[in-house]
Amino acid sequence: MERQLLTNGRLATLDAPDGAGPVEAGAVALADGRIVWVGTAAAVPAEHADWPRQDLGGRLVTPAPIDCHTHLVFAGNRAQEFERRLQGASYAEIARAGGGILATVSGTRAASEDALLEQALPRLDALIAEGVTTLEVKSGYGLDRETELRMLRTARRLGRERPVRILTTFLGAHACPPDYRGRPDAYLDEICLPTLRDAHAEGLVDAVDGFCEGIAFSTAQIARVFDVAGELGLPVKLHAEQLSHLGGTALAARYRALSADHLEYATEEDARALAAAGTVAVLLPGAFYTLRETQAPPVAAFRAAGVAMALATDCNPGSSPMTSILMAMNMGCTLFGLTPDEALRGVTVNAARALGLADCGRIAAGLRGDLTVWDATTPAELAWRIGFNPLHRRLFGGSEC
Ligand code: DI6
Ligand code: FE
């Protein structure tokens, strides 16, 4: 049995009520990749006291960050679209003209699995370099059977290529492909839903997502996707109220979704529905920033209703070309008014919830040994800086890597 005792850390366990500060002079005992005991160094039980020790020098220890919303697998880039938006074109205009998501669909359809892997790895490595140990990866740039399956297989491969846990999400209802232009229901019947069944049969799907928006799918269409997910026993989540209020949040709550994501145009009533359903609000400030949106999500309403808030990168080539979870924390604070403690909860305990995971996101006995040690002493230092990475050590399942 592999055992270790980390001592002299400042532990932000995220296992205590809001606002509880780090445990000073804390210790964590790990055995076989799991946390077996957490507390103050002075209280280490005799049974762990002689385990190999590592002194953390008073550094901050947190649960390792979790990126609960990414579109990490895709081919090509959208720098040209960036230039067009700088000249005044809107994201929706570009999408309606066949650019945007559909531009990435062309590139992704043309890419082999090896090419997709090769292009995704540097993005994954950037997240790992900031301590991320678990992330979600969506399909949705194939919009045909073969490419959607290839994206999901690539996502699974990422988890074999690197010391990281990948959760896959089927996002066939991301956009209506050109060959089905104006016939979104036919696309769902003929491509999206059969592909979901095939992907599930191949063990490639951990959850099902959709893009509920004027430029994508209606609530009635998303409900059809969610019904099939329910039949297959798969949890759902939704891109909702990003650019307008269409009722996606209420729909997500009705289906007891793991999360509703973006939510710039969500209302107080939506916040109450999320709270009642136990659905996590995943805030994506990278997309808000990139698209230069002006309406921020209703954070005060989420707080008042008791909605758990997570933060993620939304890493994608169009609306959020961001591969930094620390930057997501910084933007969550600066653009959306989260406190640094909320930002930390957003990428740990609440991000785990948004993925339906109970075995990570906190420092507590029984959980995976997914920990990060920082050259910092307070959680605020993680969200404070821009473009600086204070990671000192990353433990994935108890192993340093
Ligand atoms: N919302 C997003 O932020 C991404 N997808 C979505 O439904 C953007 C995808 C892209 O622009 O490529
Ligand atoms: Fe997204």
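Trainee: In which handedness does H7 pass H8?
Mentor: This is a predicted model, where local features need pLDDT of at least 70, side-chain atom pairs count only at pLDDT 80 or more, and totals for chains, interfaces and linings use all residues. Residues are numbered from 1 along each chain as its sequence is written, chains are lettered from A and ligands numbered from 1 in written order, and side-chain values use heavy atoms, leaving out hydrogens and water. Helices (DSSP runs of H or I, at least four residues) are numbered from the N terminus, and a crossing is left-handed if the near helix is turned anticlockwise from the far one by less than a right angle, right-handed if clockwise. For H7 passing H8, the crossing is right-handed.

Trainee: Which residues of H8 make the contact?
Mentor: Contact means heavy atoms within 4.5 Å. H7 brings Pro184, Asp185, Leu188, Asp189, Leu193, Leu196 and Arg197. From H8 come Gln221, Arg224, Val225, Val228, Ala229 and Glu231.

Trainee: Are H7 and H8 roughly parallel or roughly perpendicular to each other?
Mentor: Their axes, lines fitted to C-alpha atoms over the stretch in contact, with angles from 0 to 180 degrees between N-to-C directions, come within 11 Å and cross at roughly 20°. Angles under 35 degrees count as roughly parallel, over 145 as roughly antiparallel, 65 to 115 as roughly perpendicular and the rest as oblique. H7 and H8 are therefore roughly parallel.

Trainee: What percentage of the 401 residues is buried?
Mentor: Buried means under 20% relative accessible area, exposed over 50%, partly exposed in between, with a 1.4 Å probe and protein chains only. In this protein, the buried share is 58%.

Trainee: How many helices does the protein have?
Mentor: Strands are DSSP runs of E, at least two residues. The protein has 16 strands, and its helices number 16.
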